[in-house]
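Please look through the following model slowly, with its sequence beside it, before reading the explanation below.

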Amino acid sequence: MIRHIVSSNLLAVAFGLAGPVLAAPALAQPDGASLFAEHCAACHGDTRLGGTGPALIPEALGRIKGEDLSAIIAGGRVATQMPAFAETLTPEDIAALAAYIAEPLAEPPVWTADDIAATREFDAGYVPADAPVFTADPLNITLVVETGDHHVSVLDGDTFDVLDRFPTPFAVHGGPKFSPDGRFVFIMSRDGWVQKYDIWSLHQVGRVRAGLNSRNIAMSHDGKWLAVANYLPRTLTILSTTDLSVARVIDVTGRDGTPSRVSAVYQAPDRKSFVLALKDVPEIWEVATDPDAGPYHDGFVHSHEAGMEESLAAEKGLFARRRIMVGAPIDDFFFGPAYRNLIGTNREGDKGVVVNLDVGREIAELPLPGMPHLGSGISWMRDGRRVMATPHLREGMLSVIDVADWKVIATIPTAGPGFFLRSHENSPYVWADVFFGPNKDKMHVIDKETLQIVKTLDPAPGKTVAHVEFTRDGSHALVSVWEDDGAVIVYDAHTLQEVRRLPMRKPSGKYNVWNKTRFEEGTSH
Ligand code: DHE
């Protein structure tokens with residue numbers, strides 16, 4: 001409004017319409033907040049926390065910055081309802097809007113159990129099938145998350161036919177989590193929506209918004225509970241998997257009272273617990289998913305090393321919480337055998353810290369420079385000893401660690417920093433992508449015994465090639481061409497020859513029901 005007054009004054013002056021000659025007023029700067037209210041709030045919410053469109057806050061916009069944000073506002077987003085504003089807004093308006101949505105929210109948002117419950121929605125047309133509505137092996141189904149147009153394709157793992165393709169919430173991140181019987185899958189978006197889908201019926205069951213900005217989800221050992229790790233608000237939401245109702249919202253606050261984001265939550269089935277790392281305070285939490293879960297029973301040993309003692313939650317029972325104090329906040333982590341230890345990385349990404357979950361303290365430290373991506377770690381038996389490997393987000397190498405003594409036994413140079421690793425018990429190879437840099441189109445295949453690269457695949461020159469998943473029996477490996485007009489390439493996992501190429505819209509992760517529900521040893525979490 002102010003801008004319109006200014007422009008009519010200027011016009012009047014320019015054309016000599018006004019009586020007395022006025023000094024030209026200073027040009028008003030476009031106001032991002034008013035522009036947002038006028039043009040964006042209807043879809044993205046008055047509070048910027050999302051509506052029919054996604055949340056527009058720095059936590060959600062992540063890696064989209066400055067000019068890129070302006071370009072999206074100006075040009076719109078293909079295949080979404082986001083229109084182009086280049087015709088309606090000036091470049092200055094667009095820049096002001098981009099700056100406004102990149103600003104953090106003034107106050108931390110509140111999102112209570114009641115708010116969550118109010119978002120629950122179920123598909124009226126959903127009728128649970130008594131048996132799979134398809135003839136394919138239900139345990140060899142592979143889901144492909146297509147982030148290009150926010151869909152998931154349901155693949156028959158034997159024929160590679162697409163059985164269904166369904167819409168997901170905007171910007172799915174992290175691995176979907178299956179119920180232990182492999183029938184249902186839960187999918188999370190960065191805006192905190194959790195979607196439940198029935199694989200047997202090939203039908204969505206419903207959705208709920210469990211957080212406002214979320215990291216990942218974890219399924220409890222018995223399939224009853226789903227934990228949602230949130231950045232906003234600072235909470236861990238626990239949902240009932242049956243009906244997506246809220247079982248508990250746990251405030252994530254350090255022992256000293258500092259609220260914290262959750263770096264990641266994973267299930268520790270052998271311990272009947274969820275284990276989560278806190279991003280802003282030096283604590284790891286263990287939350288019982290069974291009233292009699294191991295660490296919570298009487299007589300559990302306390303250790304009292306300065307600054308690293310563990311404490312048992314005063315309460316016992318379902319969702320009882322235990323804090324483990326560590327030296328520094330942990331960003332992401334990977335479990336050792338039998339879930340006794342975890343190896344985490346610090347936020348600086350230059351070392352690994354091993355925390356023993358039984359005694360509740362750090363037991364080892366190892367050099368892991370270059371931002372190890374431990375959430376993508378995998379483990380296998382090599383020459384009679386269990387090893388784990390992790391890629392590094394900032395260096396072109398893989399670290400291979402002996403998990404008995406937590407020593408780095410090998411460093412495998414790669415053609416650039418990678419994001420994901422995968423193998424299978426029946427495969428002699430580890431597949432490692434090169435996600436970043438000029439060699440992003442390469443995929444290394446590495447011998448699990450010799451730790452040598454045996455082949456480097458280059459299936460789509462110039463395009464990002466990343467993330468691998470195996471079929472149930474390990475006979476085939478599925479690789480993403482991570483582009484909007486991308487593909488999933490099916491390889492014979494032994495001959496390393498291409499068998500099939502399925503067109504997909506920016507396929508990111510792929511998840512095989514068997515490998516995920518049976519904790520197949522070549523898969524991460
Ligand atoms: Fe992810 C998994 C964290 C950026 C695609 N990512 C995970 C997990 C964590 C994590 C903790 C494990 C969750 C699980 O599966 O339960 N990711 C982070 C980050 O901290 C980081 C570096 C910064 C961020 O923006 O959050 C990050 N991740 C990305 C991307 O930029 C990727 C490539 C594209 C995207 O979708 O945003 C990406 N992350 C993925 C995928 C998985 C994942 C596909 C699941 C891999 C799997 O095989 O399980």
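On a 1 Å grid over the protein atoms alone, a cavity is a set of points where a 1.4 Å probe fits but cannot get out, and its lining residues have an atom within 4 Å of a point. Grid points are joined across faces, edges and corners, and a volume is the space filled by probe spheres set on the points. The model is a predicted one, in which local features need pLDDT of at least 70 and side-chain atom pairs pLDDT 80 or more, while totals for chains, interfaces and linings use all residues. Residues are numbered from 1 along each chain as its sequence is written, and side-chain values use heavy atoms, with hydrogens and water left out.

By the cavity rule, there is one cavity of 30 Å³ or more, and the volume of the largest cavity is about 30 Å³. Trp380, Ala389, Leu398, Ile412, Val430 and Ile446 line the largest cavity, and by class this lining has six nonpolar, no polar and no charged residues (Ala, Val, Leu, Ile, Met, Phe, Trp, Tyr, Cys and Pro count as nonpolar, Asp, Glu, Lys and Arg as charged, and the others, Gly among them, as polar).

Turning to the ligand, its iron atom has a single donor from the protein, namely NE2 of His173, 2.2 Å away; donors are N, O and S atoms within 2.8 Å of the metal (3.2 Å for Na, K and Ca), and sites may look incomplete because water is not among the atoms. His173 itself is found in the loop that runs between strand 4 (162–167) and strand 5 (177–178), where strands are DSSP runs (E, at least two residues) numbered from the N terminus.

Notes: Helix = DSSP H or I, 4+ residues; strand = E, 2+ residues; numbered from the N terminus. 1 Å grid on protein atoms, 1.4 Å probe; cavity = no way out; pocket = protein on both sides within 12 Å on 5 of 7 lines; lining within 4 Å.
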